[in-house]
Every structure is written in structure tokens, then in C-alpha cells.
Amino acid sequence: MIKIGPKGAAPDILTSRGAALAAAHCAAYDLEPAAYQVSRKAGGKEFGFDDNVYAHSTVKGALERVQHGKCCYCEVFIPKPYAFGHVEHWRPKSWSQQAKGRPQIRPGYYWMAYDWDNLFLSCTFCNSSNKGNQFPLEAANARARDHHHRVSVERPLLLRPDGPDDPRDHIGFRRETPFGRTPEGRKTVEVLGLDRIDHVKRQRKLAKLIVYHNKIVKHHGDRSPLAAEVVGEARAAWAAAIQPDAPFSAMALAYLEAHPLP
Ligand SMILES: [Zn+2]
């Protein structure tokens, strides 16, 4: 995970139709707040959200540009075309929970369903398979339960992809495997399954980079044209791998810090 952004101005669809839809949700909630605090199955009411708005092509396009087409959490390239499910609500819109298996807290952050600050692109492994509706807070009782409460009093344990903190200060790597250095880092790795063995593309990327690293070390100082060519190619591969547009750049940066090139 790397720090992305700044995201820039919100796409018009969010500030026009999205803002109107959010205002309608807030008005509906105020008429019967208790109804939205239980599921439809249990006799309550649930908001319907318009994916033609929060996952509008202009929203996906703007997120693709700022995130270089990568998942905001694990840095894998997300294959196109993007589905609406690739648009991640950092604060869950329908309901939330402190951890998997813990009670469903209803409603979710419905007033932020079309909020540019709350939207990112995420792969289905991070978003659907792992995070789901989890939004862990340091103090669960500080959770903003409706639009009358301020989210600024919350202390989320899930790192925000666009800061203010740099995720790299919270998450380190042992070779290709991330680990948390701080409570936020540990919880973020756990919630997203960032350390699961399923991240095979990340493993393959490091394996390739290590081959290049070994070539640089082996041929360092060799002035022959062939060695210079091999080293040049390897250095170029490493230079590209640590750029923000490269998949798994946080892993590559961490490896390079632990194993500096000669
Ligand atoms: Zn991901």
C-alpha cells in the first residue's frame, strides 16, 4: 500500500446527482431513524444506492488516473473493464462492523455513499473477499451512527489510501509479505488479508526483481560491454519498480531499503 493522491476535485456526477441522492437519504433517515437501524429482514429499512452514480465512468476514470490503475490497498493492477464492485467505499455505505463475525451496525455511512473522499478503486480480493463491511475503530463507541455525527471524532484502524499518513510508515515488508508496524498497520494487513499467500503476482514480481538485483551485484564493477548491458537493464527494471505507477511498489521500495544496490 502506498499513499495515493491528492485526488483532486470531485467528478461532477458526485457533486450534483450524488449530493442530491445523499440529501434524500438523510431526509428519509430523519423521518424514521429507528427503521434504518435494523435490517430489512428484521423488519427495518435499507437504503438503495445508485451504482450508476458512485461508480459512474467519470468516477472510475478519475480514480484510475490517480491510482495508476492499481488497487488502493494491495497495488495489483485491476483488470479492465472495471465493475461497480471495484469502486470501494472506505467507510462502508450499507452497514459496518468492527471485525468479521461481530454485529452488523446499521445503518452504515449512507451519507458518504457518493462522497469523493470516501471512494477508491480496489481489487475484489481486498474489497469483497477480505474487507467486506469491516471498518474497525480504535474506540468502537466513537462510531458516527448517522449524518448528525461527525466522523472526525473516529480513530479508524484501517489506513486511508490517500493519507494523511503514509501507509509505508505503518506497514513494512519481510520479502514479499507485509506486516504491521503499528496498531493501524497490523489491523489494515489483517482486514485486507494483505499477508495472505493468495498474492501470487506480488511474489512473482519480487522473484523477478531479485534476479535483477543479483545480476547488478554480480556484475558490479565489470566494465565489459556485455556486463554493462546486463546491469543497465537490471537497474532500469528496479528504477521502474519503485515508481508509484508500478504494481507492488511499496514491496520493491522496502526490499531496496533492506538490500541497497551497489
Ligand atoms: Zn487489492
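**Zinc site and domain interface**

In sequence, the donor residues of the zinc ion follow the spacing C-x2-C-x48-C-x2-C. The model is predicted: local features need pLDDT of at least 70, side-chain atom pairs count only at pLDDT 80 or more, and totals for chains, interfaces and linings use all residues. Residues are numbered from 1 along each chain as its sequence is written, and side-chain values use heavy atoms, without hydrogens and water.

The zinc ion is coordinated at 2.3 Å by the SG atoms of C71, C74, C123 and C126. Donors here are N, O and S atoms within 2.8 Å of the metal (3.2 Å for Na, K and Ca). The site is tetrahedral, with angles of 106 to 115° among its four donor atoms. That label requires all angles of four donors to lie between 85 and 135 degrees.

The chain divides into domain 1 (12-192) and domain 2 (200-258). These bounds come from an automatic or database domain assignment. The domain centres, taken over C-alpha atoms, are 35 Å apart. Twelve residues of domain 1 contact 16 residues of domain 2 (heavy atoms within 4.5 Å). The area buried between the domains is about 1300 Å², and carbon and sulfur atoms give 61% of this area. Buried area is the accessible area (1.4 Å probe) that two parts lose on being put together, summed over both.

One salt bridge is counted between the domains (a side-chain nitrogen of Lys or Arg within 4 Å of a carboxyl oxygen of Asp or Glu). E257 forms a salt bridge with R168, with the closest N and O atoms 2.8 Å apart.

Key: Four donors count as tetrahedral if all angles lie between 85 and 135 degrees; four count as square planar and six as octahedral if opposite donors are over 155 degrees apart and all others between 65 and 115; anything else is irregular.
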